[in-house]
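Here are some friendly notes for your look at this chain. Please keep the coordinates open as you read.

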Amino acid sequence: MATFKDFRNDVKPNWCPGCGDFSVQAAIQRAAANVGLQPEQLAVISGIGCSGRISGYINSYGVHGIHGRALPIAQGVKMANRDLTVIAAGGDGDGFAIGMGHTIHAIRRNINITYIVMDNQIYGLTKGQTSPRSAAGFKTKSTPEGSIEQAISPMETALTVGATFVAQSFSTDLKELTSIIEAGIKHDGFSFINVFSPCVTYNKVNTYDWFKENLTKLSSIEGYDPSSREMAMQTLMEHNGLVTGLIYQNTERPSYQELVPGYSKQPLTQADLNLDKGYFDKLVTEFM
């Protein structure tokens with residue numbers, strides 16, 4: 001049986017010391033081992049940005065994609081090889097700016113993959129500009145007088161477009177984060193996990209201490225029911241989205257793969273792709 005050490009490789013992360021992404025990497029490795037995966041059964045697909053490097057730091061199949069395009073690649077990988085556990089990963093700029101269209105449609109499509117967003121409310125790799133998650137008034141190199149734009153609310157957005165698994169965690173809470181990723185992997189459908197992952201270099205507002213003072217654990221809210229979409233939305237609005245835990249899960253809606261007519265139980269990677277001449281000629285005649 002694999003342990004989290006089996007998901008380590010010899011590539012040393014070059015994230016800044018103290019970056020929250022270290023914990024996300026560790027949580028993915030621990031969760032993969034805890035659910036019984038082997039490295040060859042996992043594919044990690046990432047985008048661009050500091051967080052995009054994560055696919056190279058985990059001993060599994062991996063693709064370091066292009067900006068905002070981790071989800072199209074991840075969905076293609078899953079459709080081609082349904083036996084692989086597929087995790088897409090990226091930052092809030094990657095997922096909620098250039099990749100927002102892909103994020104929304106992947107959520108509503110409900111393909112059986114897990115999407116982890118490392119949310120630091122800033123563009124870190126390009127040296128500190130506002131992201132779609134930066135609050136109004138947030139001062140950066142690109143907004144020296146403060147941002148005049150409203151920050152996007154990803155959890156509420158996910159609920160409105162039909163998400164079947166929505167969760168949020170904080171990078172310092174490795175136990176909860178690992179547990180949430182495990183649940184996301186086991187969920188039959190699209191699992192959307194937002195992780196508050198502070199940037200210690202460029203974001204001096206949304207710091208570890210700031211999150212510790214402002215976050216509320218859903219487990220501390222008496223009577224909270226993650227199967228209630230209405231309660232999930234109301235709770236998010238009451239706490240300005242600053243909650244951690246399993247926000248919402250719908251186990252009744254079938255995944256995309258279950259609804260595709262004729263979707264083979266055998267992965268495309270194992271299918272015989274050779275066509276006999278008779279069948280090939282028959283296909284050709286349809287276009288003549």
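How far apart are the mean positions of the positive and negative charges of the chain? They lie 5 Å apart, with 24 positive and 27 negative charges counted.

1. A word on the source before the rest: this is a predicted model.

2. On the overall fold, the chain has 10 helices and 8 strands. Its radius of gyration is 20 Å, close to the 19 Å from the globule rule for 288 residues, so the chain is as compact as a globular protein of that length. Along the principal axes, the C-alpha atoms fill a box of roughly 70 × 45 × 45 Å.

3. On contacts and surface, take the pairs of residues in contact that are at least 6 apart in sequence: 71% of these contacts join residues at least 24 apart. Of the 288 residues, 47% are buried. The chain exposes about 14100 Å², and 53% of that comes from carbon and sulfur atoms.

4. The largest nonpolar core holds 29 residues, and the members touching the most others are L71, I113, Y115, V166, F190, F192 and I247. Among the elements giving two or more residues to this core are strand 1 (42-46), helix 2 (70-80), strand 4 (114-119) and strand 8 (243-249). Another core, of 28 residues, lies apart from it and includes F7, F165, A167 and I180.

5. Leaving aside neighbours within four places in sequence, F192 contacts F96, I107, Y115, V117, P154, M155, A158, F165, V166 and A167.

Conventions
Residues are numbered from 1 along each chain as its sequence is written. This is a predicted model: local features need pLDDT of at least 70, side-chain atom pairs count only at pLDDT 80 or more; totals for chains, interfaces and linings use all residues. Side-chain values use heavy atoms; hydrogens and water are left out. Helices (H or I, at least four residues) and strands (E, at least two) are DSSP runs, numbered from the N terminus. The radius of gyration is taken over C-alpha atoms; the globule rule is 2.2 Å times the number of residues to the power 0.38. Buried means under 20% relative accessible area, exposed over 50%, partly exposed in between (1.4 Å probe, protein chains only). Contact means heavy atoms within 4.5 Å. Accessible areas come from the Shrake-Rupley method with a 1.4 Å probe; for residues, only the protein chains shown count as cover. Lys and Arg count as positive and Asp and Glu as negative; His and the chain ends are not counted. The place of a charge is taken as NZ of Lys, CZ of Arg, CG of Asp or CD of Glu. A nonpolar core is a set of buried Ala, Val, Leu, Ile, Met, Phe, Trp, Tyr and Cys residues joined through side-chain atoms within 4.5 Å.
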